[in-house]
Amino acid sequence: MEKRVTFQGVLLPLLLVLPQIVVTAVFFFYPAGQAIWQSLFIPDPFGLSMRFVGLGNFEFLLSDPYYRASFVTTAIFSSLVTVVSMGVALYLAVLADRLIKGSGTYRTLLIWPYAVAPAVAGVLWLFMFNTRVGVVTWYLGLLGYDWNHVLNEGEAMGLVVVASAWGRISYNFLFFLAGLQAIPKSVIEAAAIDGARFWTRFRTIVFPLLSPTTFFLLVVNVVYAFFETFGVIHTITSGGPQQATTILVYKVFADGFVGQDLGSSAAQSVILLVVVSVLTVIQFKYIERRVHY
Amino acid sequence: MATVTLENLRKSYGPTEVIHGVDIDIADGEFIVIVGPSGCGKSTLLRMVAGLERVSAGEVRIDGTRVNDVEPMDRNIAMVFQNYALYPHMSVFENMAYGLKIAGTPKPEIAERVSDAARLLQLEDYLGRRPRELSGGQRQRVAMGRAIVRKPAVFLFDEPLSNLDAKLRVQMRLEIKQLQRRLGVTALYVTHDQVEAMTLADRMVVMNAGVADQIGAPLEVYARPQTAFVAGFIGSPPTNFVAAQLLRPGAPDGARLGVRPEHVRVVSPGEGALQARVMYAEPLGAETLVHLKLADDALFTLRQDGTAPVPEEGAEIGLAWDDDAQMLFGPDDRRLQG
């Protein structure tokens, strides 16, 4: 017997999926098509005419040292954001998993940062680390450290990484906690009786059993770091100093809307489109198969 | 090989005490079965011996040494869990070798001990498989294998057979018994199944609401239950109870008489100790269970030989039994003499 619901005609099912199709068409297919189209042209400085250049924009981009530097910046930035947010989240989840009393409160409080929009999170961190009036800057000053992310490239990168990772910890924490709680308690107890102490148990039992969650989060966090951190970077550093925090998605904005080089900006969007497609394919291929067991 | 002693062992969760002081002395190599209905605290007791639950009061001693504050891994025990608790991401070999590997056992010795255990449990062909590729019975064997390769002083079993089907359960029951005999390791086995308890135990501990009601050899417990609970829990169908004053004027208020179904004989109506009406009979082949209703609507069961004539439904009959077959329990459910 067919268990799925099946429809006789074509009209009703089409009607039912229409809203989704419309949303996808308006907000994805149309802009993506526009990006691909525009990436083949160079507009004149006043936007009055466009000149067809084929793959010229791409050729120029790939030989542009600034663009290649931005690739490296993105790689560093997204690895740091992913490692920091997942590492801290896993640590907190392991602690919360061991907690019996008050775990509800603890969990609720940990989830709150997720509700803060990236741009707002960026402003919050900017206030704390403001080079003149920031609270943290002031305390660092007392300790004899002169914080200045406006001039120091490393400090700028550190700040945007922390601000981006912060809100993300909540999200990762939830998944890690759910993953930890899905591991049967008796398996952990069996390992304890087998002689494994906490760290050994974590390394040989818990972490391997958590690997499907870890892998899922890895992909999701990389995608996040690539695309959704725009607000944080825009509010804190605007890509500076000296493009030290200009990740690919910020460069799309900076070159297109600030630099008015729409052709190059469109070509960069297309490259990002390819990158995210690859990530999605990886995600589906491995997560659907479940890692490890 | 080791002795295990529980002395006035108590467990509380907050203000609620769930185990009210249990004393058991287990000899080296003895097979002890803790049996009781769900919620009686039997698993909690076992987990305290394992070190998975903190002891609230009293003492657990393994081989004479107090282990209350000793971590599970340092107690020299092995445990078989109800759901087997196999490591799903490891092969059968790795599952069995895990404890040895952590203990730093040399590789050749690990291989030897695992293959010995695998031979003993007929798992040799499955060493490369993952737990999910095994049947329930095979998983059960792997869990056993994981316990025996470490050569522990004490085996702990937490309802290890309750996830198996009836036939496999009987087979594994025998295997566990043989294995324990061959290895001579002290074993503590928790179950809610009284048949398992009767067949496996050297001595059994009948738990009731956090108290060990009776400790003794299975047949001894069966023949001379010390409380009404034990009389009712051990034996299937359970012991029949009637108000003692019905048969013995002068017995204290609330006292009850217990008679096992197999000790009851059918006699002509008007004779015997009690009168009853036959409700229905269950012929099981070797024996027949006859369900009866007494004058006060209480239920009563008798068990007779399969070849004996089965009384008709609705018939009035008399019930008789020998005096030494009846058990008198006081109002506090403790056994009184007589």
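UniProt positions are given in the numbering used here, with shortened feature names, and annotations may be inferred rather than shown by experiment. Residues count from 1 along each chain as its sequence is written, and chains are lettered from A in the order in which they are written. This is a predicted model, where local features need pLDDT of at least 70, side-chain atom pairs count only at pLDDT 80 or more, and totals for chains, interfaces and linings use all residues.

**Exercise 1.** Find what the chain does over two annotated stretches of chain A.

Solution. Start with the record: the unreviewed UniProt entry marks "transmembrane region" at several places in chain A, including residues 12–30 and 71–96. Next, check residues 12–30 of chain A: 100% helix, 0% strand, end C-alpha atoms 25 Å apart. Then do residues 71–96 of chain A: again 100% helix and 0% strand, with the end C-alpha atoms 37 Å apart. Helices here are DSSP runs (H or I, at least four residues), strands likewise (E, at least two), numbered from the N terminus.

**Exercise 2.** Work out which way the residues of α9(A) face.

Solution. First pick the buried ones (20 or more other C-beta atoms within 10 Å of the residue's own, C-beta atoms being placed from the backbone; exposed means 12 or fewer, partly exposed in between): A:Arg201, A:Thr204, A:Ile205 and A:Leu209. They span an arc of only 105° around the axis, so they sit on the same side of α9(A); the arc is that of the directions from the helix axis to the C-beta atoms. Now turn to the other side of α9(A), where A:Trp199 and A:Arg203 are exposed.
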